[in-house]
Amino acid sequence: MNLPPLVQSFVLHFGEMGSRWGINRTVGQIYALLYVSPSPLCAEEIADALGISRSNVSMSLRELQTWNLVLLKHKPDDRRDFFTTPDDVWQILRTLAEERKKREVDPTLSVLREILMQRPASEAERHAQERMSEMHALIEQLTHWYEDVKQLETERLATLLSLGAKVTKLLEAKNRVVSLGRSRRPNPANKS
């Protein structure tokens, strides 16, 4: 690689992580390079910086484009395509979440719905459907939560994430207030 040591460390790590996330190592490295690059890069510059073939760069860029993770840019008087990533890291997070949902969660929900609509032929299938129904309900609930959260403005989303476990304290306080309100209501059954 023809990169400064700090950038090279980041790019190599992202390549390793990419393979754990289910993407090609080169795709991860190219994304990391584009992310830290101060200006958009063309395929030749990417190939030179990473020491990989131009065809490997082209295939990897196509994959990144299908994930909506790179932006195509053009420079005046230059016919080559240049690539970069969105500047807003929150937008990148939103894009990744949406793409993972489309590729992994939505198909799983579809299969679960189809299976749950079938009539079980045995006790084992009935038991399996009950378990799948629980999984379906959880994934549906997470999907609804995701749809709500993705509508949040970035500042509110950052605040929500920074709350962490403090959210449970807020919910516990809400429950205490609600139960206090219930205990103060007159019970119509006790009227004489």
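Two residue pairs are in polar contact across the interface of domain 1 and domain 2, both at pLDDT 80 or more. This is a predicted model, and its chain is divided into domain 1 (5-84) and domain 2 (89-177).

**Interface of domain 1 and domain 2**

- The C-alpha centres of the two domains are 31 Å apart.
- Seven residues from domain 1 and seven residues from domain 2 make up the contact.
- The size of an interface is often given as the accessible area lost when the parts come together.
- For domain 1 and domain 2 the buried area is about 680 Å², and carbon and sulfur atoms give 60% of that area.

**Largest nonpolar core**

- This core has 25 residues, and those touching the most other members are Ile30, Leu33, Leu34, Ile46, Leu50, Val57 and Leu61.
- At least two residues of the core come from each of α1 (5-20), α2 (25-36), α3 (43-50) and α4 (54-66).
- With six residues, α2 gives the most to the core.
- In soluble globular proteins, nonpolar side chains tend to be buried together.

**Surroundings of Ile30**

- Which residues is Ile30 in contact with, leaving aside its neighbours within four places in sequence?
- They are Ile46, Leu50, Ile52, Val57, Ser60, Leu61 and Leu64.
- Among these contacts of Ile30, Ile46, Leu50, Val57 and Leu61 are also listed with Ile30 as the core residues that touch the most other members.

Terms used:
Residues numbered from 1 in each chain as written. Predicted model: local features only at pLDDT ≥ 70, side-chain atom pairs only at ≥ 80, totals over all residues. Heavy atoms only, no water. Core = buried A, V, L, I, M, F, W, Y, C linked by side-chain atoms within 4.5 Å. Buried < 20%, exposed > 50% of the residue type's maximum accessible area, 1.4 Å probe, protein only. Helix = DSSP H or I, 4+ residues; strand = E, 2+ residues; numbered from the N terminus. Contact = heavy atoms within 4.5 Å. Domains from an automatic or database assignment. Buried area = accessible area lost by both parts, 1.4 Å probe. Polar contact = N/O pair within 3.5 Å; in protein donor to acceptor, adjacent residues only side chain to side chain.
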